[in-house]
Amino acid sequence: MKDGFERMRNLRISRTSSCIIAVLTMLVVLSASATSARVLLCFPGGPGSTEQAQPIVDEFLGHLAALTGWDDVNGTYINNMRDCRATMKAHPASVVMVPLDLFLAERKAWKLTANAALQNEETAGSYHLVALPGTTMESLSGKVVQTGLKASDTFLSKVAFDSKVDVTKSFALERTRSARKAVKNAVKGTAAAAILNDVQFKALQSSAKYSKLTSLLTGPTLPGAIVANTGKKDYTLHKALLSVCKKHAEACKKMRITGFEPVDSGKLSTLEKSLNK
C-alpha cells in the first residue's frame, strides 16, 4: 500500500514537472518569436516638429508593423542632427529613414544596411547652382554663394556636384535659414548664386519673380532618402516597404511618400567612396 501511494505521488510530481516545462517552453518560443522595432526618421531641416509629426508617424508605422509582424514599434521624427545623434546614442534605432547625405555620412557609425529608397518629390533628384544670366563659374571666385540646404560642404562638393566644383574653395558659401532667402538674395545681387535641390529648383522655375535665375551647374541624378536597418539586410522589412504604400496610400501620402523601391547598393557604395576620398 505504501509503495502504491509513493508511486502516485511520484506520478503527480512528474506530471507537475512536465506542465512547468511545457509552460516554460511556450514562454521561450513566444519570447523568441516576439519582435519589436525602434524607428528614427531623421530629416535635418525638415518641416514641422516631432510633436506635430507623431500621429502621422504612428499611423504609418502601425501599417508597416502589421506587414512585418512587429509586435511593438516605436518611431520618432526629428528634424535636427544634434538630436538625431543624441537619440541614436541613448536609444539606438533598429530602423532609420534618412536623407542620402546622412546615410552616406553615418552608415558605418550607425552600422546601417540600406534596405529601400523612398519615392517622393522632395528627396530624389539633382542639385543645382543657379545665378542670373551672364554669370560664369569663373566669375563666382571669391564671391558669396548661399544655400538653405543642410547637407555638408563635402557632400555638396563630392556627391551633389560630382567633384565638378569645391564649395569651400570655388566661392564663399554661406548658409541661410531657407532656400527662399538664398534665391531672393541671388536675384537682388547680394549673393552671386544659390545652391538648390530639385524641389527648390522646380519651384523657382514656376515663379515669375525668380525664374530669371538659370542653372550654371547641375549635378547627377541621385537616389532619394534611404530606409536602412541595423545589421544584415532585413528582407521581411524590405518586402513590407515595397507593398505598404500600395495597401495604405493615404497613410503614405500624409508622410509625403508615394512608395518605396529597391535600393541600388552598388551605387550607394560608389557614392560613399566619392564622399570619403
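**Pocket, cavity and core packing in the predicted model**

The lining of the second largest pocket comprises seven nonpolar residues, two polar and one charged; Ala, Val, Leu, Ile, Met, Phe, Trp, Tyr, Cys and Pro count as nonpolar, Asp, Glu, Lys and Arg as charged, and the others, Gly among them, as polar. The model is predicted, with local features requiring pLDDT of at least 70 and side-chain atom pairs pLDDT 80 or more, whereas totals for chains, interfaces and linings use all residues. Residues are numbered from 1 along each chain as its sequence is written, and side-chain values use heavy atoms, with hydrogens and water left out.

The volume of the second largest pocket is about 200 Å³. On a 1 Å grid over the protein atoms alone, a pocket is an open set of points with protein on both sides within 12 Å along at least five of seven lines, a cavity is a set where a 1.4 Å probe fits but cannot get out, and lining residues have an atom within 4 Å of a point. The pocket is lined by A179, R180, V183, L196, V199, Q200, A203, L204, S207 and Y210. Two or more of these residues come from each of α6 (179-188) and α7 (198-205), and α7 gives the most, with four residues. Helices (H or I, at least four residues) and strands (E, at least two) are DSSP runs, numbered from the N terminus.

One cavity of 30 Å³ or more is present, and the largest cavity has a volume of about 40 Å³. Its lining consists of V39, F60, L61, L64, W70, V95, M97, V227, L237 and L241, which divide into 10 nonpolar, no polar and no charged residues. Helix α2 gives the most to this lining, with three residues.

Two aromatic pairs were found in the whole structure, where ring centres must lie within 6.5 Å and planes under 30 degrees apart count as stacked, over 60 as edge-to-face and the rest as tilted. Y127 and F155 form an edge-to-face pair, at 5.9 Å centre to centre with 75° between the planes. Because Y127 lies in strand β5 (residues 127-131) and F155 in helix α5 (residues 153-160), this pair ties together parts 28 residues apart in sequence.

Key
Phe/Tyr/Trp six-rings, centres within 6.5 Å; stacked < 30°, edge-to-face > 60°. Points joined across faces, edges and corners; volume = space filled by probe spheres on them.
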